[in-house]
Amino acid sequence: NWHLKENARDHHTSKFSSQELIVRRGQAFTVTFNGTGQPEQNLTFIAEIGPKPSKLTKTQATFGISSTVSKDGWSAVLQSASSNSVSISISSPPNAVIGRYKLSVQSPSSDSSSPASLGTFVLLFNPWSSGDDVFMPNQAECKEYVLEEFGIIFAGNKNRINSFGWNFGQFQGDILSICLSMLDRSLQYRRDPVTDVSHRNDPKYLGRVLSAMVNANDDQGVVLGNWSGNYDGGKSPSSWTGSGEILQNWKKSGFKPVRYGQCWVFAAVLTTVLRCLGIPTRTITNFSSAHDADGNLRIDEFYDASGNHLDRAADSIWNFHVWNESWFSRSDLGPSYSGWQILDATPQEESGGIYQCGPASRNAIKEGDVDLDYDCPFVFAEVNADCMYWNYDPATGKKTLIYSASTTIGQSISTKAVGRDDRVDVTNDYKYEEGSKKERDTFKKARKKLGLEDKFDPTAPTPQEIDQKPDISGKFKVAGPLEVGKDLSLILVLANLQSDAQAVQVNMTAWSTVYTRRPVHEIWKDSVSVTLPPKEEKQFPITIPYTEYQQQLTTDNTIQVTALCHVEGGIQVLVQRDITLDNPAIDIQVLGEAKVNKEVDVEVTFANPIDVEVMDCVLQVEGNDLLTGILEIDVPPLKASEKSSTRFKLTPSATGPKHLLVNFSCDKFANIKTFKMVNV
């Protein structure tokens, strides 16, 4: 008898829906089995894991019955014994290897030399235990970062942050078994299974291995990335609403990578796997996130004379990027680097020859200690790199610096609040205040550690180029609703900073992009010649009709608008704005009170905001403890301005606050998401 209910309650594993014992390391659990007719003192227990268990690799433990719990090894303490049954309390050390163990018992009288198998159990990390590397003293944080199955992911751009719900579902069905098989499919396990399993006591090691396994690069991992804007042959990255479906699909297909993911999908799946294994983990969104491909802490962007953003640099600035933070101590670096560690499963740059990233200590990033393991320079650049904007002439290959900026990158770094559906800003945990002396000193320190201060860089702009002062300034102002289905109205405001008139040729373009700001389709272009009177500003209204951008928009609903201003006799001025359009709203109503094992009706309503019919409408619904799996409902086409309401039934299976996630798609609007908290 594994005492599944009592052990699960004591070990915070009640949410798993398994018939197997699941417990956490460094804490006792109880088993009862038939008596052997021998004095209990003579029993020996064997706990073993991995393909070749041995004491040397700490993958096998042999222990007899003792009167007290061992401090640093496995132990068994007698709870009670009768002629026909024995109850034992078994404890594992707080640094035990995690995974699926075999437990057997040997009694000296048994004729055969082979021990009797008691079965298998799964051992996980234990953030509730002070001896564990992942110990998290705050109970509310443990609950959120290990036990919470619902999350909120922030997206959009720095001017307009939006968010959507995600079902991590780490306790669903066979997710735990899939997570364990993920470890057995890693490159490290394939190369040397014995050593790999012996390192599975270390959250640093597992975090790094799993950051590689969640992406498909190198190892046939879980999710295949695609940033092209064309998602044929798979599901669009923005259509997923939870990790469960992705992990189940990976297993069902015989472990073929699931198509397709982008950063938040990789981060959400990694959150599921790490929470499942007991490592406290959360998703983090960084706005205006740098992808520094060449490691010089500088991002170069190129524009042609017409103002088109050229896709010719390996560097890029993403509207947002999502990665993970996991909580554990860094015995390799020292206590001041413990706490939140950055892991990133999105395949951006190789590290140690494969696409993996982290763990990078968040404290090391803030202090500019970029020489510490792992991948600190890349993460430091994501939140701190300087930007250089260049005019590039494809005919001559000549590039001219337009301007440089040191405060653009790494804004509004966001995560979900503990116990609430709100956004928390953690930018100050990543860096000192932008523009402060401390922040610039940290940047210089990082450059020095990377050997960038002393090295001549022929690609860098000269101090003269950096110090040049423009004669005019410009900005795009939003002059109407930013909604898919409505015309896009902007105002280009140009101001003359000088006391004499300026003649300016303005070349404007608008492109649809993916959220990484990679241009996909040209939508619109225009040019005007203007004279700006001394010290005055002029406004130029711009309208891009819905009919012009509708066909070109990607599922990210993002448009980049650029004006390159050629000032006669002066330096060029680049004005740009990234715009994220909101989808129309969708509404969820729960009709009546939600009670366990009682059906309740839910109504989802959507009004077609445009003056053409929308077709191919599909509603997708999921929510832990509210329904099993994913409900898909085909919705009839909707005429112009028509409203649809779709009803379905839920049968909740557990009490408490639960989240219902809804995703609505049709031929004109991709993946309209919303969620609702349902109190059962």
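1. His 321 is buried, at a relative accessible area of 1%. Buried here means under 20% relative accessible area, exposed means over 50%, and partly exposed lies in between (1.4 Å probe, protein chains only). His 321 sits in strand 16 (residues 316-328). Strands (E, at least two residues) and helices (H or I, at least four) are DSSP runs, numbered from the N terminus.

2. On the basis of the values: this is a predicted model, in which local features need pLDDT of at least 70, side-chain atom pairs count only at pLDDT 80 or more, and totals for chains, interfaces and linings use all residues. Residues are numbered from 1 along each chain as its sequence is written, and side-chain values use heavy atoms, with hydrogens and water left out.

3. Which residues does UniProt list for "active site"? The unreviewed entry gives Cys 263, His 321 and Asp 344. These residues span 82 residues in sequence, yet no two of their C-alpha atoms are more than 9.9 Å apart, so they gather at one spot. UniProt positions are given in the numbering used here, feature names are shortened, and annotations may be inferred rather than shown by experiment.

4. Contact means heavy atoms within 4.5 Å.

5. Asp 344 lies in the loop between strand 17 (339-343) and strand 18 (360-361). Asp 344 is buried too, with a relative accessible area of 2%. Not counting residues up to four places away in sequence, Asp 344 touches Ser 211, His 321, Val 322, Trp 323, Gln 356, Cys 357 and Glu 382.

6. The UniProt annotation "binding site", again from an unreviewed entry, covers Asn 384, Asp 386, Glu 434 and Glu 439. They span 56 residues in sequence, yet no two of their C-alpha atoms are more than 12.3 Å apart, so they gather at one spot. Of these residues, Asn 384 and Glu 439 are included in the lining of the second largest cavity. A cavity is a set of points, on a 1 Å grid over the protein atoms alone, where a 1.4 Å probe fits but cannot get out; lining residues have an atom within 4 Å of a point.

7. Is Glu 439 buried or exposed? Glu 439 counts as buried, at 4% relative accessibility. Glu 439 lies in helix 12. Beyond residues up to four places away in sequence, Glu 439 touches Asn 384, Tyr 432, Glu 433 and Glu 434.

8. Asp 386 is found in strand 19. At 14% relative accessibility, Asp 386 counts as buried. Apart from neighbours within four places in sequence, Asp 386 is in contact with Leu 297, Arg 298, Ile 299, Ala 405, Ser 406, Arg 440 and Phe 443.

9. Asp 386 also forms a salt bridge with Arg 440, with the closest N and O atoms 3.4 Å apart. A salt bridge is a side-chain nitrogen of Lys or Arg within 4 Å of a carboxyl oxygen of Asp or Glu. The pair links distant parts of the chain: Asp 386 in strand 19 (residues 386-393) and Arg 440 in helix 12, 54 residues apart. Arg 440 is partly exposed, with a relative accessible area of 24%.

10. How many salt bridges does the structure hold? The structure holds 36. One of them joins Asp 375 to Arg 208, the closest N and O atoms being 2.9 Å apart. Asp 375 is in the loop between helix 9 (362-367) and helix 10 (376-384), Arg 208 is in helix 6 (residues 203-213), and the two are 167 residues apart. Arg 208 is buried, with a relative accessible area of 14%.

11. Lys 449 forms a salt bridge with Asp 371, and the closest N and O atoms are 3.3 Å apart. Lys 449 lies in helix 12 (residues 437-449) and Asp 371 in the loop between helix 9 and helix 10, so the pair ties together parts that are 78 residues apart in sequence. Lys 449 counts as partly exposed, at 37% relative accessibility.

Terms used
1 Å grid on protein atoms, 1.4 Å probe; cavity = no way out; pocket = protein on both sides within 12 Å on 5 of 7 lines; lining within 4 Å.
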